Amino acid sequence: MTNSASPLLHDRLNDAIASLNLVPVARVTGRLVKVNGLMLQAVGCRFKLEQRCLVETDEGNMIEAQVVGFDHNIAYLMPVRQLGGLFAGAKVIPLDGDSSVNLGNHWLGRVVNGLGEALDDGAVLKGGERVSLEPKPINPLKRRPVDTPLDVGVRAINGLLTVGKGQRIGLMAGSGVGKSVLMGMITQNTEADVIVVGLIGERGREVREFIERNLTPEARKKAVIIAAPADESPLMRLRATLLCHRVAEYFRDKGNDVLLLMDSLTRYAMAQREIALALGEPPASRGYPPSVFSVLPQLLERAGNSEHPDGSLTAIYTVLAEGDDQQDPVVDSARAILDGHVVLSRTLAEQGHYPAIDINASISRCMSGCTPEVQSTLANQFRQLYSNYLQVKELLPLGGYQPGQDPELDQAVAMHPQLKTYLLQAANEAVDFQTSLTQLAQLFQNPNP
């Protein structure tokens with residue numbers, strides 16, 4: 001071999017070695033053996049719980065699914081998208097790694113689905129920081145306390161049910177009482193740096209209506225909307241819920257004050273119920289299996305402040321009380337986990353009282369820690385007067401109430417028009433935090449104008 005041939009041979013050997021990385025590695029795959037409703041059954045390889053998989057269709061495409069359970073050597077998979085084109089013996093390819101997305105400031109102002117795919121007419125979401133959908137839990141001893149009020153632009157909440165930065169609160173009501181309208185008011189008027197809106201399991205038409213009616217151009221620029229309408233698969237609704245929280249956590253850890261609005265927590269619980277019942281889990285409370293009530297605290301505990309000195313994550317969830325029953329299992333469970341709840345009354349809504357907040361049935365558990373004592377005192381006086389009025393309300397038209405016998409009742413009846421005016425607010429009206437406190441104080445400075 002000549003010296004001139006040695007460099008050529010050396011180059012060819014390097015090219016051959018480099019090309020080894022391009023040779024596809026053999027992969028163990030399973031096969032599809034049964035489809036039962038939305039549940040797929042696969043055998044033939046080792047599947048892990050919550051592992052992502054690709055299922056082959058007759059057109060050569062791949063449908064993403066996730067392992068949700070197993071029985072001996074049979075793995076149960078739930079598809080992320082709607083089924084179509086599946087056949088017996090189709091390849092099932094397990095994927096390595098956790099579910100992750102590329103997050104960054106380029107998500108602001110965008111509308112995406114549960115997989116992080118753009119639903120609007122904007123560019124494909126590429127680049128950014130690769131983050132897992134499953135973050136590490138926060139040590140409860142390292143969480144920063146809730147000690148700073150958040151202005152939500154709604155007078156009744158600012159003055160009487162003050163929400164703190166890092167608090168988690170629920171909007172609880174039956175259908176058609178105004179949960180979405182109130183959430184839209186908060187979205188428009190909040191002072192948060194970033195707004196993350198999750199529209200989970202709601203009507204498809206409400207997605208566009210919420211964006212066009214409830215988001216001003218300024219709010220739209222700092223908002224991320226994640227939508228999974230009711231016609232999506234249960235797994236897609238779960239993925240969208242997890243993505244809402246992961247996006248909010250990402251911007252919180254970057255030092256932003258984040259407001260997470262999710263409509264609704266009940267649809268998330270229903271999606272979890274569909275999967276659990278399909279796996280054969282027995283129903284426990286009104287059709288909800290026990291696993292639903294174990295995943296709710298895992299989800300809700302992701303919101304709130306972290307150990308970082310800057311940034312906060314305030315979460316507001318709408319909770320559907322089926323049949324206006326405040327003892328509904330999901331409502332009762334959420335009320336026990338969250339840091340407060342705002343109850344909307346159908347009776348007030350039918351009277352044209354908006355927002356239809358039942359002040360006496362609502363509470364903010366963090367209010368005393370983020371407001372001065374004088375405001376808490378005024379809020380308690382307001383509640384007491386409002387409660388006293390409700391005691392004699394039905395007697396007034398009948399002449400059963402005689403003034404002069406109880407000074408507290410007399411004051412409640414005299415001040416009721418002012419109390420009611422304070423609670424009323426138009427959907428397009430914004431009342432900042434300081435104005436809410438000033439108007440609350442003026443009620444008791446001039447009780448009988």
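This is a predicted model: local features need pLDDT of at least 70, side-chain atom pairs count only at pLDDT 80 or more; totals for chains, interfaces and linings use all residues.
Me: Into which domains is the chain divided?

Reply: The division gives domain 1 (30-94), domain 2 (100-371) and domain 3 (376-443). Between domain 2 and domain 3, the C-alpha centres lie 30 Å apart, and the contact takes 26 residues from domain 2 and 25 residues from domain 3.

Me: How many salt bridges and how many polar pairs are found across the interface of domain 2 and domain 3?

Reply: The rule for salt bridges asks for a side-chain nitrogen of Lys or Arg within 4 Å of a carboxyl oxygen of Asp or Glu, and across this interface it finds zero. Polar contact, by contrast, is found for 12 residue pairs, both residues being at pLDDT 80 or more. On the side of domain 2 that touches domain 3, the elements giving two or more residues are α2 (155-160), α3 (179-189) and α11 (367-370), and α2 gives the largest share, five residues. By class, that side has 13 nonpolar, 11 polar and two charged residues.

Me: Why is the pair of Glu64 and Arg239 called a polar contact?

Reply: The two side chains come to 3.4 Å, and because the cut-off for N or O atoms is 3.5 Å, that distance falls within the limit. Glu64 is found in strand β4 (residues 62-71), and beyond its neighbours within four places in sequence it is in contact with several residues, including Arg52, Pro79, Leu115 and Arg239.

Me: What does the side chain of Asn256 reach, and at what distance?

Reply: The side chain of Asn256 reaches the backbone oxygen of Phe251 at 3.0 Å, and this distance therefore also lies within the 3.5 Å cut-off. Asn256 lies in the loop between α6 (234-253) and β15 (257-263). Not counting residues up to four places away in sequence, Asn256 touches Asp193, Val194, Phe251, Gly311 and Ser312. Asn256 and Asp310 are 54 residues apart in sequence, yet 7.2 Å apart in space, C-alpha to C-alpha.

Terms used. Residues are numbered from 1 along each chain as its sequence is written. Side-chain values use heavy atoms; hydrogens and water are left out. Domain bounds come from an automatic or database domain assignment. Contact means heavy atoms within 4.5 Å. A polar contact is a pair of N or O atoms within 3.5 Å; within protein, one must be able to donate a hydrogen and the other to accept it, and residues adjacent in sequence count only if both atoms are side-chain atoms. Helices (H or I, at least four residues) and strands (E, at least two) are DSSP runs, numbered from the N terminus. Ala, Val, Leu, Ile, Met, Phe, Trp, Tyr, Cys and Pro count as nonpolar, Asp, Glu, Lys and Arg as charged, and the others, Gly among them, as polar.
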